[in-house]
Amino acid sequence: MKRFLFIILIVLAASVSLAAEDSFWLNTGLNFFPGLIYDRNWDPGYSSSAASISLAAEKDSFVFEAGLETGYSDKGFNLLLPLKAGMIISHSEKLNISSFASVMPGLMLNRPSPFFLFAAELAAKISWLVSDDFTLSFSIGPRYTTSPDYSREVAPLEMIDLNIGISSGFRL
Amino acid sequence: MKNNKFRRRLYRQTILILILSIFIFAGCSYRPTFSPADIDADVTILETRQAIEIAPINAASSNTGLLFYPGGLVDSRVYTELLADFTETAKLITVILKMPANLAIFDIDAGLSVITDYPEITDWIIAGHSLGGSMAAATVSENPDVYSGLIFMDSYPADGDSLKTWPGNVLTLFSSIEKVNEPERMQKTLDLIPPATWLTDASRLYPSADSNYTVIHQIDGGSHSYFGTYGPQDGDYTPTVSRADFHEEVIDYMLEFFTENGWI
């Protein structure tokens, strides 16, 4: 639990630093995870789904994002705190292409106590600038998820999924 | 002006996140209180994305399979201890299904896609604990020709899923002091299942095989979570017997049900 509180502090600190930027976006999205590797074995199939909300700030060609993602898998519901850093690779009047790297500490929501969960992801994102204040985006990339505690106490939990995301962004 | 707009949006989103978080935390699943790797039954346990398969070691292949629907918001692995012991003795294949978010209501017919992987099995007996039992009854109601028997564990069918005329036989096991599903509610659903006969340790006389039937047995001193290896579950009473003794009685009545029906 101490580890999780520490992570929350990092996320809050990241959010405060985002607030120092000039251009903010509030992003809400849905993520779908077709799975490739399940518990260290090649086992394709649908893995899970999630909903996310995040605050993003743009500075020159760089984008920083912090937020919350809630989803489910065959092991129950989970909660992740994504921290993303990205770079806009290509920019035109209506389209942005960017790439992101993310780390996502979080929790598997179990009783009587949760398990620590961790995910890392690389993604490419295409954003359509519908207006100056609104974007629609599509992203895709591999995500690695593990829970060392669950793996040690119950059964191996290591997955590689493909994250297919759709999201909308509102300029704040 | 822009700052006010920003604050308003931020407050709205924060409230939304808090509400969502409350719902999510209410949906915490019970975790196993053991590791399936520690099971010492003479079985192999193979876990895939869809299910956990338990198979006896050094046993002739059986034409009977047990398909298990886990209870709501319970990690499916909590049932491996009980079902590994059953599988070892019954010498058949047992498949515990995994459910999205551990809620069988999201994939009621999950069993249909799994049983196609076992073409050698001709008799599928479906079982479920709590919500899993109700969803098992729902899939039997929709696919009556697929399953030969049904086992409820602290469970009963939902109102719309009458199995009164279903040709298969039913075993209902419930823990005497469980509060979560309330035995009184189970009693009220007797008109949804084939005609019932109560079995006790003193009288274990099965009905004649001329027509479909339900046999019901109450296990004294057990709690709702005793069907798995987890808990205690919120709202449950304190059990007065050990989990090992409870499991032994569950397995005993399951074996008898399988034997009476000629499945093992």
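Predicted model: local features only at pLDDT ≥ 70, side-chain atom pairs only at ≥ 80, totals over all residues.
Strand β5 of chain B is mostly covered, with five of its five residues buried, where buried means under 20% relative accessible area, exposed over 50% and partly exposed in between, for a 1.4 Å probe and protein chains only. Residues are numbered from 1 along each chain as its sequence is written, chains are lettered from A and ligands numbered from 1 in the order in which they are written, and side-chain values use heavy atoms, with hydrogens and water left out.

In a regular strand the side chains alternate between the two faces of the sheet. Helices (H or I, at least four residues) and strands (E, at least two) are taken here as DSSP runs, numbered from the N terminus, and two strands pair if DSSP finds at least two bridges between them. By that criterion β5(B) pairs with β3(B) in the antiparallel sense over four bridges, with B:E53 standing opposite B:V95. With β4(B), in turn, β5(B) pairs in the parallel sense over four bridges, and here B:I93 is the bridge partner of B:G65.

These strands are part of an open sheet of nine strands with mixed pairing, in the order β2-β3-β5-β4-β6-β7-β8-β10-β9 of chain B. Because β2 (43–47) and β9 (196–199) of chain B stand at the edges, each with a single partner strand, one side of each is left without a neighbour in the sheet. The twist averages 20° from one strand to the next, with axes being lines fitted to C-alpha atoms, for helices over the stretch in contact, and angles running from 0 to 180 degrees between N-to-C directions. Elsewhere in the sheet, β8 (residues 169–175) and β10 (residues 214–219) of chain B pair in the parallel sense over six bridges, and B:S175 has B:I219 in β10(B) as its bridge partner.

Helix α6(B) packs on the sheet, touching β4, β6 (123–129), β7, β8, β9 and β10 of chain B, and its direction makes about 170° with that of β8(B); contact means heavy atoms within 4.5 Å. This helix, residues 243–260, has 18 residues and reaches 26 Å from its first C-alpha to its last, close to the 26 Å expected at 1.5 Å a residue, the expected span being 1.5 Å times one less than the number of residues. Its buried residues include B:F246, B:V250, B:Y253 and B:F257, and the helix is followed by B:G262, whose phi is positive, near 75°.

Helix α2 (residues 80–90) of chain B lies across β2, β3 (51–56), β4 (64–69), β5 (93–97) and β7 (149–153) of chain B, running at about 30° to β3(B). Within α2(B) is B:T87, which counts as buried because its relative accessibility is 0%. Leaving aside neighbours within four places in sequence, B:T87 is in contact with B:V43, B:I54, B:A55, B:P56, B:L92 and B:T94. A polar contact of 2.8 Å joins the side chains of B:T87 and B:T94, a polar contact being a pair of N or O atoms within 3.5 Å, of which, within protein, one must be able to donate a hydrogen and the other to accept it, and residues adjacent in sequence count only if both atoms are side-chain atoms.

Chain B as a whole has six helices and ten strands, and buried residues make up 55% of its 264 residues.
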